[in-house]
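Look at the model below before reading on. This report walks through some of its contacts, step by step.

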Amino acid sequence: MKQFQPILLGSDINAYGMARAFHEEYGLVSTAFAHFQLSPTKFSHILNMHIVPGFGEPETFRATLLDYGRRMKEQHPDTMLLVIPCGDLYANLLSQCGSELHEYFVFNTLDQALNRRLSLKSSFYETCEQYELPHPATKVVSAQGVSRGDYRELPFDYPVAMKPADSALWLDIDFPGRKKAFVINDPDELDTLIRRSYEAGYAGDMIIQDFIPGDDSRMRVLNAYVDQHHRVRMMFLGHPLLEDPTPEAVGNYAAIIPDYNEPIMLRIKDFLEDIGYQGVANFDMKYDERDGEYKLFEINLRQGRSSYFVTLNGCNLARYFVEDLVEDTAFDGQPLLAHGSKLWMEIPRSIFRDYVRDGEDKQRGLAMIKRGDWGTTLEYRKDMNPTRWLMIRHMFSIYKKRYAQYFSHKEDLA
């Protein structure tokens, strides 16, 4: 095998999950860059973290990686540098700067036009229409449209969901009651929240959608690896049973069990290959009992924060990056449509027992816990020391407080 070094862009649980995947599969310590430190990668021995002020800005991002690439090429000319973005910001920056970085690094990225087409929810839904992929009934309102009150006339009834089309711009604003997404029950509440969003400085389009009924257990998450030749090599479907209830973290999965639905997988496979995708694609969707369709909410242009779920179930994501970008191994064109048998959690087991809605799915998850067929991203036996152990216990105690304060079932809200 060729010599290579994993270079991770990010300091969150996504970055830690990828570092763990490389350590499990190859015994390697990853290098990571980020513009600030987050808890999941603290006190770890499986990655070397470099915090670079301004690394989230294009010029600093470009200069930092070019300097590192030049130095590594001089010191280790036979080592390939495999770059993996672990967040939307870094995936977008890699798309912008990719042509300059290819001299020193190997990585998957999309050209800027396709990146923007897929990352903006408004144009993503237009793309879904083009490919006849189901998605919630949607109205897109511009900043000017909000001033005109265009959001008052909707082609569907309440409750509705509201979320920003541009997630990157949304990160830069704050106001009382701000969330990643909202479930809204009446016109007055919509009027208050949408105006508050733009008064706080948000300048992108706003998405207003028909709310699909049901709690977190109706959600599905699909991860796919698409190689540099635009061929889907692996797909894995997960069934989330619980999300983080904290307003700023709504939509972040907290517990997932494996699922399998070949028609959905093959439909998405054809879509990814047709648009010329490459890298990890992470789709969120929800089952709509009204018409029996799984409807797409969004695509993340990188592995999601819960994607260690895929590695836990035997499809080590690091291996797919290496076989594609380092080895460029032969592939017969038949993707692995994977099955799994392990429960992934980002929470203590007590939260799973107390907050997942009773039913067959919960019983299946509890049986997995009883058998020992479960795992978390952060609790890695080969990377545990007293300080890190205490930090993880502290993180889990915060989760317990969050659920006690914020949790309610979504259909109860609506």
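**Rings**

This is a predicted model. It holds 21 aromatic pairs. One of them joins Tyr 131 and Phe 271, whose ring centres are 5.1 Å apart. Their planes meet at 80 degrees, so the pair is edge-to-face.

Tyr 131 counts as partly exposed, at 25% relative accessibility. Phe 271 counts as buried, at 2% relative accessibility.

Elsewhere, one aromatic cluster is formed by Phe 33, Phe 55, Phe 61, Tyr 68 and Tyr 90.

| Arginine | Ring | Distance from ring centre |
|---|---|---|
| Arg 388 | Tyr 16 | 4.2 Å |
| Arg 402 | Tyr 399 | 5.2 Å |

**Cores**

The largest nonpolar core has 60 residues. Met 18, Phe 22, Leu 82, Ile 347 and Phe 352 have the most contacts inside it. Take Ile 347. Leaving aside neighbours within four places in sequence, Ile 347 is in contact with Leu 242, Ala 254, Ala 255, Phe 352, Phe 396, Tyr 399 and Tyr 403. A second, separate core has 49 residues, including Ile 264, Tyr 277, Ala 281 and Tyr 294.

**A loop residue**

Is Asn 316 buried or exposed? Asn 316 lies in the loop between α10 (308-312) and α11 (317-326). At 4% relative accessibility, Asn 316 counts as buried. The cut-off for buried is under 20%. A polar atom of the Asn 316 side chain lies 2.9 Å from the backbone nitrogen of Ala 318. Not counting residues up to four places away in sequence, Asn 316 touches Ala 21, Glu 24, Glu 25 and Thr 311.

**Paired strands**

Strand β9 (residues 206-210) has 5 of its 5 residues buried, so it is largely enclosed by the rest of the structure. Which strands pair with β9? Strand β6 runs antiparallel to β9, and 4 bridges join them. Here Val 141 stands opposite Met 206 in β9. Strand β7 (residues 160-164) also pairs with β9 in the antiparallel sense, over 5 bridges. There Met 162 stands opposite Ile 208 in β9. In a regular strand, side chains alternate between the two faces of the sheet.

Key. Residues numbered from 1 in each chain as written. Predicted model: local features only at pLDDT ≥ 70, side-chain atom pairs only at ≥ 80, totals over all residues. Heavy atoms only, no water. Phe/Tyr/Trp six-rings, centres within 6.5 Å; stacked < 30°, edge-to-face > 60°. Buried < 20%, exposed > 50% of the residue type's maximum accessible area, 1.4 Å probe, protein only. Lys NZ or Arg CZ within 6 Å of the ring centre and 35° of its normal. Helix = DSSP H or I, 4+ residues; strand = E, 2+ residues; numbered from the N terminus. Polar contact = N/O pair within 3.5 Å; in protein donor to acceptor, adjacent residues only side chain to side chain. Contact = heavy atoms within 4.5 Å. Core = buried A, V, L, I, M, F, W, Y, C linked by side-chain atoms within 4.5 Å. Pairing = 2+ DSSP bridges.
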